[in-house]
There are 2 protein chains.
Amino acid sequence: VRVEILAVGTELLLGQIADTNGRWLGEHLAAAGIDSHFHQSVGDNRGRIVTALRVALARSDAVITSGGLGPTQDDITREAIAEVMNVPLVRDPELVARVEEFFAARGRAMPPSNARQADVPQGATVIDQTRGTAPGLICPLGHKVVYALPGVPHEMEEMFDRAVLPDLDRRRRDSGGMRGVIRSRVLRTWGTSESALAEALQPRIDALDLAVGPSTAVTLAFLASGIEGLKVRLTVRAPDDAVAAELLDAEEKEVRAVLAATFGDVVFGTDETSMEQAVAELLQERRLTLGVAESLTGGLIASRLVDVPGASVWFRGGVVAYDSAVKYSILGLPEGPVVTEDAAVAMAEGANRVLGASVGLGITGVAGPDPQEGVEPGTVFVGLSLPRDVAAPGGTADPGASDPSTRASGRTSLVRRLRLPGDRQRVRQYAAISALDLLRRTLLTAEKGIEGPTLG
Amino acid sequence: VRVEILAVGTELLLGQIADTNGRWLGEHLAAAGIDSHFHQSVGDNRGRIVTALRVALARSDAVITSGGLGPTQDDITREAIAEVMNVPLVRDPELVARVEEFFAARGRAMPPSNARQADVPQGATVIDQTRGTAPGLICPLGHKVVYALPGVPHEMEEMFDRAVLPDLDRRRRDSGGMRGVIRSRVLRTWGTSESALAEALQPRIDALDLAVGPSTAVTLAFLASGIEGLKVRLTVRAPDDAVAAELLDAEEKEVRAVLAATFGDVVFGTDETSMEQAVAELLQERRLTLGVAESLTGGLIASRLVDVPGASVWFRGGVVAYDSAVKYSILGLPEGPVVTEDAAVAMAEGANRVLGASVGLGITGVAGPDPQEGVEPGTVFVGLSLPRDVAAPGGTADPGASDPSTRASGRTSLVRRLRLPGDRQRVRQYAAISALDLLRRTLLTAEKGIEGPTLG
């Protein structure tokens, strides 16, 4: 079964909203191992919806439309489908009653226009609504089918799972088609470039190309995700979930080995794991607490950390020292320049002291657009203050780093200078994730007792 | 000229990335007054790209493809276009030299595969690259045309502006087509619901429907933008820019009058103006500085404020008091419960005092998932501490608010209790923008000398 997705709505064509439904459907069809070769978007125009439906039915076996089932005169997906089916629309009195009930339950009378939502192309089956007023439709056309779903994402998603996917699965079985599944896993990395990643993994990709079996295949792809780093996506096609999981596990091991040998600790997590979650896990394992002192990032690091559920266990808080005076008064920096290695370390130590955290992180720099204290935009200093037994033994290897030095009994600190690309907002966001990555690598390195982290 | 957009890339069909290029192109075509009735997405498969191109050329006058111009074997948009044009691909030695130069300038040799990027369908014109290696193509097919652009957004956008739009404009003139423009303006609101907004503006929408002229039309639409509030989009079609601007100005006045009469100060800005920019403007006009003390929002408010260029003039900094101990130690709260009206006020006063800011904002509450101090998730308290001459004279009107009271000589404070919907992350984000909105309305109210703000 090849499924085409047709998103209906003029606001999509005008770029006023993104086609998140198309993306969601594509992702969930792929996860179910169902092919989808074409997506279309079309405006709220009956003739053009008809055209798009005819094109879709000519090249695909099933079409899922989203949108255009509402109560207003703009909502004409029903009419267009009836035209393509060459049948009349019939108003279903039971559906009218159900929409009336929906409004009654909210203490309101049904506006007369909502009765249109009970119009059903003759021969179509209704998908009941559980969350709103627009019912969905299953519309057979010979051995092909059009599924009409509402455009409201959570209504669309619920109907897809409950009614569309089972129907597609039945059609797939009936047609004796592929019974397998497609599953994928994402390795998330920070600290390397897309081309370097591709170069390192090319031999593995070539080997996989040669290893495609009759019912299994493994592929690798790269996705640049901006401030969330680079993703390596492992995708497998397999007869069932168990085989898919086995293949994914084996491939993850291969890829991790290649990446570790080439770049070190660049993989910070899998799938939806964020950098802050990776940091949270390391801190909790080591029973450490964290406090941050931020200048150019202005609270970005703290707010990312607080996004992690249960952050109160290990996150103490932060000081956003945007004005220099706040750096002197609250964090106790000596009066003087504040965009320096020393200032970053002093901020980290201030965070440790003032916030009562075992690990202090300090970050200062210039987001731009103008230089500050003669320092160019994109220059960022990240300082860490840690208990001595947590920090890496020995020095650090990269030339941009100063030697860790003991500032207080039993504690040590380190600092990194970063050069980050982009405009003001990008520099701030890159700075935030880079600082968290430095902390992550430092904690990892400490555990392993090897040399300190390197960071671009 | 009717333009169809064709996004090429299997990752789009699989939902791995969103089709941001399609959205961007739709928005910019609409802004130029060029119709676009269909969008398609297709995978990296030559036969299917050919099918999609043929469908597009049958129902549109011009096609813009994005993606599939890279150096790898996956990149086959060039081949597919040549097949549809029924011409061979010819390698352009000058283009090869240019790609080689691109690599040479970065101290690298061109990988042999990149030579493919110099393949041009016979009869096509090259759009030079200024940012990457993949040149764009203008491919005539009779009186129709296919524009092939790279998939990297900033390369695509630059080529569209520089080469595609002028070419489309010339075609439009040659065909004697519509010479008008479509322009729109967005009014951004916070503090009301989509249905209330729609209800209030329905009479105006009905009046506009009756007032469509031969060359002009004005329409209103609503866009729910989640944590960025609700947008009212005014769109006009007019013979030229000057008339469009006049119509937009007149309509903005009408809509603002309706909204002000129904809801009060719900419009916080137009187009790309963010809530933090609106706040920044009011603070600067009044020569005030701001400091924030955040609990559940964890730095979100501070980081939004720092996003405003020039924030250092009026933003002093913040304290992220996530752990209660930090509230006591840095902000000087009395030991005791920290999710209360009093705590929010004390945090605002602490921000004022500790950060040396003329206006202090304090926010505390429960993001969830679990209750804290017996307070339900979604409950948030926002406190403000202001110089007396800035704060609203007289009391506040809404029942949820406590009376402003003088806490220190020449200063006053107020507090609001909010009930916010959604999960942990949504509550935090709603809390951040609600707190900024409270500050905005308080500053506005003070200026007008009327009663205090009301806030849901």
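This is a predicted model: local features need pLDDT of at least 70, side-chain atom pairs count only at pLDDT 80 or more; totals for chains, interfaces and linings use all residues.
Conventions. Local features need pLDDT of at least 70 and side-chain atom pairs 80 or more, while totals for chains, interfaces and linings use all residues. Residues are numbered from 1 along each chain as written, chains are lettered from A in the order written, and side-chain values use heavy atoms, without hydrogens and water.

Strands, chain B. I took strands as DSSP runs (E, at least two residues; helices are H or I, at least four), numbered from the N terminus, and called two paired if DSSP finds at least two bridges between them. E6(B) (residues 125–127) and E7(B) (residues 136–141) pair in the antiparallel sense over 3 bridges. Ile127(B) stands opposite Gly136(B). E7(B) also pairs with E8(B) (residues 144–149), antiparallel, over 5 bridges; Cys139(B) has Val146(B) as its bridge partner there. The two form a hairpin with 2 residues between them, and Gly142(B) in the turn has a positive phi of about 60°.

Charge over ring. I looked for NZ of Lys or CZ of Arg within 6 Å of a ring centre and within 35 degrees of the ring normal. Arg59(A) sits over Phe38(A), 3.9 Å from the ring centre. Arg59(B) lies over Phe38(B), at 3.9 Å from the ring centre.

Lining classes. For the second largest pocket I find 10 nonpolar, 8 polar and 4 charged lining residues, where Ala, Val, Leu, Ile, Met, Phe, Trp, Tyr, Cys and Pro count as nonpolar, Asp, Glu, Lys and Arg as charged, and the others, Gly among them, as polar.
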